[in-house]
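Hi,

Here is the structure I promised to pass on. Have a look at it first, and then read my notes below.

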Amino acid sequence: MQGIRFPVGRLPDEALLSGLATGDPELAATFVRRFQHTVFGVAIAVTGDPQLAEDIAQQTFERAWRHAQIYDPRRGSVATWLTTIAHNLAVDALRSRRSEPMAPEDLDVLLDVVSETPEQWALADEASARLRAAVAELPREQGRALVMAGIYGMTAQQIADWEKIPLGTAKTRIRTAMAKLRNTLTSPKRGDHGQ
Amino acid sequence: MASDVTCERLRENGAELALGVLSGRQRAEAVEHLEQCADCREYVEHMTLVGDRLIGLLPPAEPPTGFETRVSRALTRAATAPEGRPHAHPSAPEHKGVRGRARRVRLRMASAVAALAIACGFAGWGISTAVEAITATPVPAVESEPVLVGDLTSPLGAEQPAGEVYAHPGPPGWVAMSVALTGSHASYTGKVACLLEHPDGTTTHVGDFALRNGHGNWAASTPVDPSAISGARLTSSDGTVLATADLQVGQVQTPDVD
């Protein structure tokens, strides 16, 4: 992108994304630098496999570059768009490796991670902080179902098999947990219209 | 209301739908209901937002050393390359000659599939024998028209070829798959599903068909917007991904005989 005379690190996310098509190496490096930890974080959390997570993270950036023109800021931030892509790719990878079972301790660790509220999250936006708190308040079995479905991409039937519970119970746990989180986000405490 | 799914039933499955974990048939029924029900659409949109934000709670992590450099260089090369595509896999250029030849063969097949498909009017029909018969003979020159094409490969594997995919914008739009699985799924026999992938990672279930010993051909009519489709996926009845393909816009044109 010729004509840029200020640090590209200050460019808004959307402008960086659009700028990828120019082939400017500085823009590409800045874009990757800005989002690589977020994208890799999703991939490694879902797969637990560093090599696979790296593959997924790279594919995520390539998809973002290839389809930058259809990114719609009204539907969420660039970071959200990227994490959604990374998550979908990671879940696909998990499904193709179905023979490798998820370790129960991994599930509980991940549930603790998404519900913890240590100081490093203090600067996070309020909606995320409320969501963490809401996840922490879920009964453990609902939290586990939420993580299995929402992060590991497991179906209700797979959750039922994993937890050795009836299918209806698994579906209810997912639905109830999601409803509680939804109520948290839509409660009139403070408007949150995007990220 | 054409859909058998009621609002109450939709609310039972809405969370799973939003999280992308609803089974293919239930998903299709739910989507059909959503097309007619604004309230349920809004409900699922809210649930989708919750799902997105849940993923956003995952902690950032340090990627391997050199990741930033490797990926940013790949993106830069892709943006300046004539074809404008990133080369994620180092082995890709080695197959260029073979792929070029395969592409021309595929384009001939695509035109044949298109002609056959339009003639038959589409309804999710098996095309195995007919396509094989057509592609075994020379194909005359055809009009140039865009079509999405891609190689099916085993997911995240060593690029083992597993068939081909075509998606034509139409009208009428259509999707065709020619499947020849290799590796651990080579002997797979049973029902499979064709899904189209969108740039945001979501998928649309197009239809089901059967494979015998890892082989089969199939096509179905479906709306095809090239800008909203990034790839295709073949899954078994239990959701296992058997093969995936990145789709690129090609041209159905006069065959280039080797």
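How many nonpolar, polar and charged residues does the lining of the largest cavity have, by class? Before I get to that, please keep in mind that this is a predicted model.

Now the cavity. The structure holds 1 cavity of 30 Å³ or more, and about 50 Å³ of space lies in the largest cavity. Its lining is made up of Val5(B), Arg9(B), Leu10(B), Asn13(B), Leu22(B), Gln26(B), Glu29(B) and Ala30(B). Two elements of chain B give two or more residues to that lining: helix 1 (7–19) and helix 2 (24–34). And the answer to my question: by class, the lining has 4 nonpolar, 2 polar and 2 charged residues.

Next, the place where the chains meet. Chain A puts 71 residues into the contact, and chain B puts in 59 residues. Between them they bury about 5800 Å², and carbon and sulfur atoms give 65% of that area.

Quite a list of helices is involved on the chain A side. Helix 2 (25–47), helix 3 (50–66), helix 4 (78–96), helix 5 (104–115), helix 6 (126–137), helix 7 (140–150) and helix 9 (167–186) of chain A each supply at least two residues of the side that touches chain B. Helix 2 of chain A gives the largest share of that side, 13 residues. Sorted by class, the side of chain A that touches chain B has 35 nonpolar, 21 polar and 15 charged residues.

On to the salt bridges. Side chains of opposite charge can pair when their charged atoms come close. Over all chains the count comes to 14 salt bridges, and between chain A and chain B it is 5. One of them joins Glu54(A) to Arg70(B), with the closest N and O atoms 2.3 Å apart. That pair crosses from helix 3 of chain A to helix 4 (residues 67–80) of chain B. Another salt bridge brings together the side chains of Glu16(B) and Lys171(A), at 2.9 Å from N to O.

Leaving out residues up to four places away in sequence, Glu163(A) touches Arg144(A), Met148(A) and Arg173(A). With Arg144(A) there is a polar contact, side chain to side chain, at 2.9 Å. Glu163(A) and Glu141(A) are 22 residues apart in sequence, and their C-alpha atoms are 9.0 Å apart in space.

Cheers

Conventions. Residues numbered from 1 in each chain as written. Chains lettered and ligands numbered in written order. Predicted model: local features only at pLDDT ≥ 70, side-chain atom pairs only at ≥ 80, totals over all residues. Heavy atoms only, no water. Contact = heavy atoms within 4.5 Å. Buried area = accessible area lost by both parts, 1.4 Å probe. Salt bridge = Lys/Arg side-chain N within 4 Å of Asp/Glu carboxyl O. Helix = DSSP H or I, 4+ residues; strand = E, 2+ residues; numbered from the N terminus. Nonpolar A, V, L, I, M, F, W, Y, C, P; charged D, E, K, R; others polar. 1 Å grid on protein atoms, 1.4 Å probe; cavity = no way out; pocket = protein on both sides within 12 Å on 5 of 7 lines; lining within 4 Å. Points joined across faces, edges and corners; volume = space filled by probe spheres on them. Polar contact = N/O pair within 3.5 Å; in protein donor to acceptor, adjacent residues only side chain to side chain.
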